[in-house]
Amino acid sequence: MISMSGKPAADYAGIPLPEVEIFSNNMLGADTTEKVLNALEPIEHIRQINMTGESLSKNINNGPAKGIPNNHSERKVIKVGGRDVELCYLVGAFYIELDVEDEEMLNAVVAQITEACEATMPMGFSVNIGRFSKFRKSLRDYRGE
Amino acid sequence: MAGKAKEKLFMEACKKKFKEDPTDMETKYYCYGGWKQSKSKVEFQKSADAIAKKRGVPMMNEDIGVPLGQRLMMPYQLSHTDIYVEADDLHCINNPAIQQAWDDIRRTILVGLDSPHATIEKRLGKEVTPETINTYLESVNHTMPGGAIVQEHMAECNPALVADSYVKVFSGDDELIDEIDPRFVIDINKLFPKEQAKQLKQAIGKTLTQAVRVPTMVGRLMDGATVSRHAAMQISMAFISAYKLAAGEAAIADFAYAAKHQSINMGTMMPARRARGPNEPGGIPFGFFADMVQSDRVYPDDPGRAVLETVGLGAAVFDQIYLGGYMSGGVGFTQYASATYTDNILEDYVYHAIDTIKDKYGGFCKLDPKNYDELLKLGDDINSYALEMYERYPAVMETHFGGSQRATVAAAATGVAGAMATGIADCGLNCWYLSMLQHKERTGRLGFYGFDLQDQCGSANSFAYRSDEGLPMEVRGPNYPNYAMNVGHLSGYSGIPKAAHVARGDAFTANPFIRVAFADPSLVFDFANVTKEIGRGGLREFVPAGERTAVIKG
Amino acid sequence: MVAYKRQFYPGTTSPAKNRRRYMDPKINLKKLRDVSMDDVVRLMGHRNPGEAYKSIHPPIEEGKEPDCPIRKLVTPIDGAKHGDRVRYIQFTDSVYFAPISPYQRAWMYLSRYRGLDTGTLSGRQIIEMRERDLEKLAKELIDDETFDPALTGIRGATVHGHACRLDEHGLMFDAWQRYVWDADKKEVVYVKDQVAIPLDRKIYVGKPASMSDLKKRTTIFRADGVDMRDDKEVTMYGLRIHKLRTLGGFQPFKFKGE
């Protein structure tokens with residue numbers, strides 16, 4: 001199962017590789033997230049995908065109900081490329097880091113990504129290309145060393 | 001905005017390397033309710049090409065497919081840098097650069113040399129010459145870090161612990177400065193653009209001032225009030241040695257008196273109810289604080305940057321350390337305070353304000369401060385723009401997910417606009433409160449309860465000058481009655497007087513001595529690059545002073 | 001003295017009119033649903049339906065009240081008479097055209113009701129009141145037009161969501177998923193009380209309104225709805241308050257008919 005830490009899925013590149021941001025018009029449920037990820041999975045030159053969203057805690061974390069299971073319907077295990085992924089967030093955006101060499105290659109990959117999202121995100125999204133994530137370690141990454 | 005292909009800076013920052021057509025973004029991106037998706041028209045920039053060619057990218061493990069990660073929030077980008085860090089990395093307990101910024105402020109005291117020189121010449125009958133001054137400066141640079149000079153058998157500080165301590169001098173008198181050993185000089189002519197140097201030298205005059213930096217360790221181990229005492233003791237010792245005085249004679253007391261009482265502390269005294277000594281962050285007037293920030297010295301053509309850097313430092317020192325730590329206690333206000341110096345959102349609003357001022361009035365300080373109705377119109381324009389961005393771009397709304405963050409950032413932009421358009425900080429402050437009232441009226445929500453207290457009565461004190469009612473913005477500070485308990489405001493307040501004075505082309509905001517003292521390249525924290533330094537702190541690249549590794553078995 | 005006629009709120013646009021309507025106690029707000037009183041009690045979670053109210057003091061009539069002219073002047077609300085605890089209900093209103101927003105809640109409550117204390121923040125708005133009076137008020141506020149099942153949340157804690165994009169069903173985000181979408185009935189149904197303790201029965205609060213309807217009903221000015229600047233009177237009113245406060249703190253002696 002894919003672990004769910006705040007760290008990026010792949011090692012830091014140390015340099016700002018291009019990222020495609022897919023910013024959904026609505027927060028996505030687990031089923032839609034699964035569809036989007038499976039549509040993105042076969043696209044070549046994707047180095048890693050990081051999702052952001054709103055946290056769905058496993059248990060109620062404060063107040064009179066503290067400690068009891070949250071049982072949020074969208075916090076569940078989905079299948080991506082045959083792998084189990086435990087989803088902990090209501091996903092709102094995908095940050096797709098690309099392993100491309102030039103503009104032509106970038107355009108081609110972005111076109112494939114856009115197509116995949118169009119097919120799986122009926123409520124719409126916007127695409128943005130840039131750098132949105134850390135590409136170097138910061139203090140937090142050294143915790144526990 | 002209409003018809004203009006203006007970049008949203010918060011978007012631009014995200015797309016630093018790979019740009020899309022800004023007009024597309026303006027009309028289609030992120031629009032709530034506007035489902036239409038724009039085609040990506042990607043311009044692969046040169047920088048990106050270079051990166052792609054140079055990179056040595058660690059490869060993923062092909063066996064597991066595309067690596068997937070998930071997280072609550074995106075990392076924060078330090079505004080006007082390419083540094084991304086986590087929220088934790090900006091916490092003042094974690095971030096050594098934020099700590100050093102306050103250390104460098106606290107450990108600075110400016111002590112005049114004119115009075116002790118008069119004592120030496122008129123009371124003791126000894127001559128003061130450039131040569132004797134140089135001898136004194138050598139002595140004081142031995143004593144200030146903790147070196148013994150007068151008596152035998154004195155214990156000394158380990159130099160490795162106090163390597164950041166020194167004394168330099170500066171003056172508006174070029175002839176005098178020419179004769180001082182350049183190692184001990186903060187050279188106004190070299191450090192400042194010509195016009196700024198001229199203004200500063202004129203304001204400072206012939207007086208010779210020491211910028212004393214006591215060891216960072218001293219401020220941390222004792223308190224802010226110790227700084228003047230440490231300086232006074234070590235200055236007195238240096239005088240005794242340099243001028244061959246008898247340590248017991250009564251005139252020596254004059255040196256200590258001058259150092260303690262004819263000097264400039266960075267923080268003024270606060271009332272007893274704050275339970276703080278002198279020279280603590282709550283006592284730093286906004287005008288002094290604005291003078292510490294050096295962006296307009298190094299980047300004189302970018303007044304927006306100067307304002308934003310001041311806001312950034314204000315967030316770190318006033319909101320995070322002072323209100324979040326000193327006054328509130330607990331885990332601090334990182335998330336709230338850092339909204340003003342990350343992700344280029346306030347950047348976008350401030351540069352929009354600058355463009356609007358230039359378009360409407362033909363430049364800074366051209367709006368007559370007596371034309372109050374026009375000032376309100378400007379405030380209304382800038383505030384509406386800022387609030388509209390939250391409404392049109394859900395990404396921005398979610399980045400500033402708390403109303404307090406939005407309220408502060410919108411009010412800061414509006415306040416900065418009022419200050420820059422008129423050149424009067426109080427006009428800016430008045431616009432701050434206009435923003436708050438309009439924000440509440442427009443959205444039906446503002447920040448936490450504190451905003452009711454402070455921001456909904458603030459219009460009434462914004463122009464008040466009588467001493468029991470108000471002060472000019474330059475000499476207000478975090479301890480101004482309504483400001484003393486409400487986090488998230490002090491960053492913006494710091495930026496407002498800075499905005500007025502950079503707009504005027506002033507070389508300083510409130511105090512030319514402080515302005516020059518913080519131009520000193522020997523400081524550990526670089527006050528010309530505040531967000532970059534905080535970012536370096538987050539990346540583990542910043543090396544602070546006062547570390548104890550030299551005396552710990554390791 | 002000429003009788004003062006309350007105007008409640010300026011403006012000609014729909015958010016301004018809605019603000020006036022909500023604040024004017026003479027206007028009966030539209031009742032859009034009827035959640036039973038027992039279910040309202042369950043949603044709040046302070047007591048079980050049918051359970052006696054807990055008291056913090058004996059009924060006022062039994063006690064020896066000090067001889068105080070103010071106490072004589074004020075008629076106690078029912079819960080105060082009985083010595084009820086002060087309890088709360090808290091609402092979260094989405095920025096995306098929720099029918100009402102936090103400040104309008106405070107204004108409305110204080111204009112329409114007695115005996116409550118209310119607190120306003122950006123993401124939540126709390127009412128505290130004696131328990132039996134609170135229950136009546138809570139039912140009104142859940143049943144009437146100020147509540148939308150999708151964009152209003154009943155949340156005692158962990159209120160985050162007002163600034164988030166809506167989910168695929170158009171519901172405001174709730175980390176504790178106190179309410180869910182019933183796809184068959186096309187209604188929102190509460191499965192947890194306001195502090196996320198699971199309910200032993202589902203409580204339906206009805207169908208969410210359409211976005212076009214909400215845009216007409218909301219009190220929120222937005223650039224993609226009705227911009228506040230399009231309402232000249234509201235804009236002028238805000239500027240006037242600011243201007244008068246400013247002058248009042250600066251040179252009040254210079255006021256001349258402002």
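This is a predicted model: local features need pLDDT of at least 70, side-chain atom pairs count only at pLDDT 80 or more; totals for chains, interfaces and linings use all residues.
Q: How many bridges join E1 of chain A to E6(A)?
A: Six, with E1 (residues 19-28) and E6(A) running antiparallel. To find your place in that pairing, look for A:Val20, whose bridge partner in E6(A) is A:Ile129.

Q: Over to chain C, then. What does its secondary structure come to?
A: Eight helices and seven strands. The C-alpha trace of chain C spans about 65 × 60 × 30 Å along its principal axes, and 53% of the chain's 258 residues count as buried. Take the contacts in chain C between residues at least 6 apart in sequence: 63% of them join residues at least 24 apart.

Q: How do I read the buried residues of helix H1 in chain C?
A: The general idea is that an α-helix has 3.6 residues a turn, so residues three or four places apart point the same way. In H1 (residues 14-23) of chain C, the buried ones are C:Pro15, C:Ala16, C:Asn18, C:Arg19, C:Tyr22 and C:Met23. Seen down the axis of H1(C), they fall within an arc of 160°, so they line one face of the helix. Their cover includes H21 (425-443) of chain B, along with H5 (102-112), H7 (211-217) and H8 (232-250) of chain C.

Q: How many residues of H5(C) are buried?
A: Ten of its eleven, so H5(C) is largely enclosed by the rest of the structure. Among them are C:Tyr103, C:Trp107 and C:Arg112.

Q: What about strand E1 of chain C: which strands does it pair with?
A: One is E3 (residues 125-130) of chain C, in the antiparallel sense over six bridges; here C:Phe91 stands opposite C:Gln125. Another is E4 (residues 152-154) of chain C, again antiparallel, over three bridges. In that pairing, C:Thr92 has C:Gly153 as its bridge partner. Six of the eight residues of E1(C) (residues 86-93) are buried, so this strand is largely enclosed by the rest of the structure too.

Q: Last topic, the interface. How many residues of chain C are in contact with chain B?
A: 43 residues of chain C touch 42 residues of chain B. The area buried between the two chains is about 3700 Å², and carbon and sulfur atoms give 54% of that. C:Tyr103, C:Arg229 and C:His242 supply 19% of the area that chain C buries against chain B, more than any other three residues.

Q: And how many salt bridges are found across that interface?
A: Six, between chain C and chain B. C:Arg229 forms a salt bridge with B:Asp381, where the closest N and O atoms are 2.8 Å apart.

Key. Residues are numbered from 1 along each chain as its sequence is written. Chains are lettered from A and ligands numbered from 1 in the order in which they are written. Side-chain values use heavy atoms; hydrogens and water are left out. Two strands pair if DSSP finds at least two bridges between them. Helices (H or I, at least four residues) and strands (E, at least two) are DSSP runs, numbered from the N terminus. Buried means under 20% relative accessible area, exposed over 50%, partly exposed in between (1.4 Å probe, protein chains only). The arc is that of the directions from the helix axis to the C-beta atoms. Contact means heavy atoms within 4.5 Å. Buried area is the accessible area (1.4 Å probe) that two parts lose on being put together, summed over both. A salt bridge is a side-chain nitrogen of Lys or Arg within 4 Å of a carboxyl oxygen of Asp or Glu.
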